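Work through the exercises below with the model open beside you. Try each task before reading its solution.

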Amino acid sequence: MLDEFMQGFASAREVNLLRIKEAKENGRKVVGIYCTYCPQELILAAGAIPVGLCGMSENPIAAAEETLPRNLCPLIKSSYGFAATDTCPFFHFSDLIVGETTCDGKKKMFEIMQDLKPVHVMQLPHLNNTEASFELWVEEVRCLKKRLEKELQVTISDQDIWRAVEVINQEKQAIKAMFDLNRADPPPLSGMEMLTAAWSRSFSSDKGELIDNLNGLVREVANQTNNRQVKAPRVLLTGCPVGLGTEKVIRLSEELGAYIVAMENCSGYKTLELQTATNGADPIVALAEKYMAIPCSCMSPNPYRLKLIDNMIDDFRVDAVIDLTWQACHTYNIEAFEVGKLVKSKGLPYLHLESDYSNSDLESLKVRIEAMLEMVEK
Amino acid sequence: MIVIGIDIGSVAAKGYIISSGNHHRAMIPTGWSPREAGQAIIDQLLEASGLERNQVEQIYVTGYGRVAFEHADKTVTEIKCHARGVAELYPEIRTIIDIGGQDSKVISTGEKGQVLDFAMNDKCAAGTGRFLQVMATALGLDVSELGDAEDPGQMQTISSMCTVFAESEIIGSLARGNPKGGIIAGLHQSVGKRVAAMARRMGIREQVAFTGGVAINPGVKRALEEEIGTRIIVPEACQYTGALGAALLAWETLRRDL
């Protein structure tokens, strides 16, 4: 039964691609997004389908390098490459692309991407604890609403937004419940399974169905007996975004005998404790509050990420932490110093890996991961 | 109890056989087949010790070729093996710098040789034995001759970390008539700087040991000592500490199971 659920998640991308194609033919609008900072609620409220865009494959990077510098993070190059070569069907179907200024590389890339599609860029403040920065962000969320209304020719009412808030809050709860299953020892889900289920949500065209599937998975796991008897080191993964296609560190770790029990990444636990408050007067302010609290390394300072990792280490009874930085991602790369200090202060091995989407460093990654796991074995 | 530890590196395969109260070691070039090199090492160890294959209870294998060798009872990383091997020879060591053919590592160790932390070079060859080998060829020397040929008094700084660019730098330097000995001293300094930076980043705790094939080169040792500002111990069998560690780990597993 668990396998059936997992297969459902694994095929979500294909299934939803067909659905989105159909929906488009019936006049529905599609909005492509890249980042967890994008308030999907507004897209849902506009009656459009929010969809995560491709950026997790090495294939289009060579094409991207015709335009972008080589020494840039693989995620930006891959995202742009997919768009430029028209090999991402979701990009193809999108009526509007929403980007955010999470880093210098992305914000300058989005300027170039404008030549391919309409791109709306949300300007993020770099600090999230002052009134001025909050006001800027509220204004940016309002701007997105206006742009969606103009581009998709709809009017978004407060009522529409509150309804969408309800849906996304439920989705967050369902994903969190799925991740929380792995607080158990041994963990019922592998890292690859968690990633597959979590990743499927970015392509999902029907939030209700996604929530049902996630809740179904959680119930199913509760009912079955855990057949993983082997005692293995429990590893937490943090750092840059990981998706299907760029899961090499998760795959290698599990092949080498670890359990990846928790992921503090964009598609993982990073945003799962953040719910939009539903008791306010203005839904835009409520949304701004939630999104501003995301502990991304683009914020300075970014203490909530350390607190989150600290709590996750305890909650998931973690034996070691792997921190993965994609090449040229300066904010996560530099923040690794603080993460390393925290992990080591808790007496656990900490492994910082810097890599890209290629397979060129598999052997050296293996040695490092294996040596870290040997440190846990004692 | 009889155990074997093998370290199949990119350049050389090393082995240790330990039987009660006795040990032998052997080394050969790895060549193109790490699997065959591993087998040849076992044959040499058995011959040297006068033992039979079926008397060997455990074989532990480490090094980059460890996965290619199918007769291993267990594979262990070089990091753990070097830490264990060095702790046997010098229990007071807390930092190990290991420079092999393909990579350079810095390992921080505890009282019993357990690994506390480690750092490894990035993907490229800067700061490895391979880097020195390419440069030796450009200078018309064998890599083993570099150590004695250096002249730190006439140091010619090599600024490029990239193997290919450093090679062009050397050719240019030779063309300008600079002395070979000074260029070689510059190469050693370049490796020393690169590895010392990695060691400092991880944190250097004394005492410090230097192992791996490159440790034979006194020029690199000199450069490292200058860069990190502390005396460094090079074990007499600096190329064998990984194999020794593998054998000791195998021995300890057997003893624990008794």
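Domain bounds here come from an automatic or database domain assignment. This is a predicted model, in which local features need pLDDT of at least 70, side-chain atom pairs count only at pLDDT 80 or more, and totals for chains, interfaces and linings use all residues. Residues are numbered from 1 along each chain as its sequence is written, chains are lettered from A and ligands numbered from 1 in the order in which they are written, and side-chain values use heavy atoms, leaving out hydrogens and water.

**Exercise 1. State the predictor's confidence in chain B and in the complex.**

Step 1. pLDDT is the predictor's confidence in each residue, from 0 to 100. Chain B has a mean of 94, and 100% of its residues reach 70 or more.
Step 2. For the complex, the ipTM is 0.92 and the pTM is 0.95.

**Exercise 2. Locate the two domains of chain B and describe the area buried between them.**

Step 1. Domain 1 of chain B takes 1-90 + 238-257; domain 2 takes 93-234.
Step 2. Their C-alpha centres lie 26 Å apart.
Step 3. Count contacts (heavy atoms within 4.5 Å). In chain B, 15 residues of domain 1 touch 22 residues of domain 2.
Step 4. Buried area is the accessible area (1.4 Å probe) that two parts lose on being put together, summed over both. Between domain 1 and domain 2 of chain B it is about 1,400 Å², with 74% from carbon and sulfur atoms.
Step 5. On the domain 1 side, B:Ile79, B:Tyr90 and B:Cys238 lose the most area, together 42% of what that side buries.

**Exercise 3. Find the salt bridge between the domains of chain B, and the helix that gives the most to the domain 1 side.**

Step 1. Apply the rule: a side-chain nitrogen of Lys or Arg within 4 Å of a carboxyl oxygen of Asp or Glu. The count between the two domains is one.
Step 2. B:Glu78 pairs with B:Lys105 in a salt bridge, their closest N and O atoms being 3.8 Å apart.
Step 3. Helices are DSSP runs (H or I, at least four residues), numbered from the N terminus. Helix α2 (residues 78-89) of chain B gives the most to the domain 1 side, with eight residues.

Methods: Helices (H or I, at least four residues) and strands (E, at least two) are DSSP runs, numbered from the N terminus.
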